[in-house]
Structure formats: structure tokens, C-alpha cells
Amino acid sequence: MEVVIKRTSKFSVFSQPSELVVPSTPPRAPEAERGSSLNRPTKTPAPSSANANSIKPIPMRSLEETNEPEVAAPTAAAAAEEGKPAQFIDPWTVESEGAIDYDYLISQFGCQKIDQSILDRMERLTGKKVHRFLRRGIFFSHRDLTQLLDLYEAGKKFYLYTGRGPASEALHFGHLIPFHFTKWLQETFDCPLVIQLTDDEKFLFKPDLKLEECHRLAFENAKDIIACGFDPKKTFIFNDLDYIQHMYPTILKIQKATTYNQSKAIFGFTGSDNIGKSSFPAVQASPSFSSCFPVVLRGIENMPCLIPCAIDQDAYFRMTRDVATKLRFRKPSLIHCKFFPPLQGRGGKMSGSAANSAVYVTDTPKQIKDKINKHAFSGGQETLELQRQLGANVSVDVSCEWLGFFLEDDERLAQILRDYGSGAMLTGEVKKELIGILQEMVKEHQERRSKVTEEVLREFLSIRPLEF
């Protein structure tokens, strides 16, 4: 039986502004006034999966006039024919009969594996140990990362671009993975960063979300992103509804260079989808090009761009790289991460629509403890005697997987896996180790978030030259 996990997780101007522009946080309107303008409603509508069910993706095709090989998106049927676990990945849906086969995705998407030689080179160029996400293969594949390192070694600056689709009041740990890694990239390579909040996307793709609510959630999510510890002097956060006028010329160029049939082939849009969905991919593509940020990136033309993202977002940026050839823009480089597993076990990614599959940055210490103890899938044996005798299957144990994401000490992680797998450790002991790490991370995040005032938020949102 297939397991289907729905996604809940994401400028060019004709003249430069003469002064800094600071989008203001939308105020909460009186109850009688809500619904007519972009003000903040008080309640978050329940997430809906109706839209996701209406999308029926078909194999992704290469756009015309590109020098990249034609690559079809992996379908469950194609995987089965090759003797692989049935799985399908696109920006909205992850389908798998079991654990995701990431080597198969690399082959089907036409990207490259991050090998030890790349990690060694990054350490040599930066003089720093690579992030645990790289050491442990969590960020596992790339497009043109080696070429980007060539440019960096030659002294050429690049910028980072990542984002978030604001559809929930708070972020969960799966949302934090790309932001924590992006923060490390920013600090290690000393580069500027732009973060896109796609409030427009969530309005178009979530039938039950009102525009006003998407707009409000963008600012709430921005506070959690800031709490990850980004440098305000090197970071620009923008939401599409407030920044669209600066993006629109580039968006138009991308839209003109992409046909509806191409968009439909890549993203699986149907005749029943609203027309905004078909045009949105150009909005997510546009920040990949430095011409979109004449003020923020100091007018540097064709500045190289690196995009850290989950592998399910690759379809957006394959389109982006193809259209870049037509528009004579520099293709962005990408670095892909694996999905953060839900508490219930492998086969997809964490979902914000299932509260007990995720740990949120708003959870209390007790909530974290209860979720791990009650819901984290265990690879341990059914009885104490069997666990001591046979040991655990650490490859399917969610607590072990999560420790691989968050426990910094490589030796301690190896010891836990070794002891748990041999029966020297029990399930409760492993879960206790994870609970302590998560509780401390959430505590630190909540402390940093409490310091994100409206003034701090406006600083990150202001259109100003970044330092790099």
C-alpha cells in the first residue's frame, strides 16, 4: 500500500528606490473590519488537503532549448519496473511504499551526489569542519555545487536564497532543517542571504486560507526564522505580497519564456486548477537571479546563487535553470536535503497537518517528552529480554534518525547506535537522550524568538544594501 504524505512545509526594478522601504507588519483589525483588507484575522483556518488531492503530476519534461539532459520525475510505476520501492516526489506530494530511495532520486532527477571529495574541498576552502548535515549525508545531492566552489575559490562572491510557505502559526523541526543549514552556510562562506515568504502561494494552493491570513502568517513565520540566528546585516527577508512590485519585471520575463504546456508537464496542473497556480512557479524562480535585488545585492549583475532546499522542490528550480538559458541569466546552484522523518516512521516527511507527527518550536518540555515517548516509532524489541539479546533495528528507529539530525557529537552518536543496536541500551534511554536535546533546542529558540520585536522584524524586512 502506498503512503501519501501531503506537503505542509517555501526582482528586477526599472529604477532603484531613493530611500529604504520597510514593509510594516499588518495590524490586527477590529472584528467588524476583517476580511476586506490585508489585516490580521485572529484564527488560523484548519489546513486543507483538497487541493493536493486534485493535483495529478505527470513525468517532468525538460524545457526546450536547454543544454541539460531530459529527465523524467520518478513515478511509482517506473520505480516498480526497475525493482525499486514505489515512490513519487513532487513539490506537493511524497509517495513511498517504504524508506525513500535517495540514490534512485539522484538518478531520476539528474542531479549529482555530494561525495567526500566535495566535503574535503569545502573544509579546505573555508578552514572549517563541514556541518553535521553534510557529514551524515542529510544534504546529499547538488546541481553545480562544484562550479560554485570554483567561483568561490577564485574570489567571486555568491548569495544564498531559501524560503518558506507560511501556512501554519508555528514552525516544526522539519521546517528548521534548511534554515539551520543556511545559517551555517552564511557564516562559513560570509555571504548575503535572501529569504522568500510565499504568502501568495499559500493563498493560491490552500483553498481554506484567506489572503489576509496568509499575509499575517508570513510575519509570524518571519519571527521564527529570525530566531534561528541569522545576521541582520547580511539577511533580507521579504514576503511576496509586499515585495511583488520589485520582482514583477523578472517574473514577467520568466513567464513569457515558459509555456503553459511546459508548466503543466512539470507541475501536473489540470484544467480545474486556478490560473494563479500555473503562474506562481515564476514567482518562486525569480529570486534565483541577482538582477532581482539591485539594492539588496548592491547592483551586482549575474551574481552566483546557491539554493539550499528539500529535494521535493527540485522541480521548481529545474524549470528555473532551464529558463535561465533562454534569458541569459546565470543558472542557480542547488544543494538538496533529505526529508525529516515524521515521528510515526519512514516513508515520507514530517507534516504540519498531523500534530502528533511533529515537534513544534512552541511545544512545552512536557509536550516534547510526551510526543517522543508516545509517538516516536521504535526499532527496539518487544521485551526487555529480547532487546538485551537481539538489540534494536536502528535503521528504522525514529529517535536514532532524529539524533542523526540534532546530536552534534559524532562519537556520541556512533556510541548510541552501537549500544542500542547491540542491546546495551534500551529504547527509553535513547528517547531520553533525544528528548533532552529537543527540549534544549526549543528552549533556546523560544528565548531568541521572545527578543524578536517589531523593530527587529522591520530591520530584516527593510530593503537596504546587505554587507558582504
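Helix α10 spans residues 240-256, and Y248 sits in it; helices here are DSSP runs of H or I with at least four residues, strands are DSSP runs of E with at least two, and both are numbered from the N terminus. The model is a predicted one, where local features need pLDDT of at least 70 and side-chain atom pairs count only at pLDDT 80 or more, while totals for chains, interfaces and linings use all residues. Residues are numbered from 1 along each chain as its sequence is written, and side-chain values use heavy atoms, with hydrogens and water left out.

Back to Y248: its relative accessibility is 44%, so Y248 counts as partly exposed. The cut-offs are simple: buried means under 20% relative accessible area, exposed means over 50%, and partly exposed is in between, with a 1.4 Å probe and protein chains only.

Another tyrosine, Y316, lies in helix α13 (residues 314-327). Y316 has a relative accessible area of 1%, so this one is buried. Y316 and D90 are 226 residues apart in sequence, yet their C-alpha atoms are 9.4 Å apart in space.

Now for the aromatic rings. A pair of aromatic rings is described by the distance of the centres and the angle of the planes. Rings of Phe, Tyr and Trp (its six-membered ring) pair if their centres lie within 6.5 Å; planes under 30 degrees apart count as stacked, over 60 as edge-to-face, and the rest as tilted. The structure holds 29 such aromatic pairs. In one of them, F181 and W184 have ring centres 5.8 Å apart and planes at 20°, so the pair is stacked. F181 and W184 are three residues apart in helix α7 (residues 173-189), about one turn of the helix, and both are buried. Then there is F236 with Y243: the ring centres are 5.3 Å apart and the planes stand at 65°, so this pair is edge-to-face. F236 is buried at 0% relative accessibility, and Y243 is buried too, at 5%. Ring pairs also build a cluster, linking F133, F139, F173, F181, W184, F340, W402, F405 and F406. A charge can get involved as well: K338 lies over the face of F140, 6.0 Å from the ring centre. For this, NZ of Lys or CZ of Arg has to be within 6 Å of the ring centre and within 35 degrees of the ring normal.

Next come the strands. Seven of them form an open sheet with mixed pairing, in the order β4-β5-β10-β9-β6-β7-β8. At the edges stand β4 (112-113) and β8 (235-239), each with a single partner strand, so one side of each has no neighbour in the sheet. Two strands pair if DSSP finds at least two bridges between them. Strands β5 (residues 139-143) and β10 (residues 333-337) run antiparallel and are joined by four bridges. H142 has I335 as its bridge partner in β10.

Finally, the charges. Side chains of opposite charge can pair when their charged atoms come close. A salt bridge is a side-chain nitrogen of Lys or Arg within 4 Å of a carboxyl oxygen of Asp or Glu, and a search of the whole structure finds 24. One of them joins R136 to D410, with the closest N and O atoms 2.6 Å apart. This pair links distant parts of the chain, 274 residues apart: R136 is in the loop between α5 (132-135) and β5, and D410 is in helix α17 (residues 410-422). R136 is partly exposed at 22%, and so is D410 at 30%. Both belong to a network of salt bridges linking K129, R132, R135, R136, E408 and D410.
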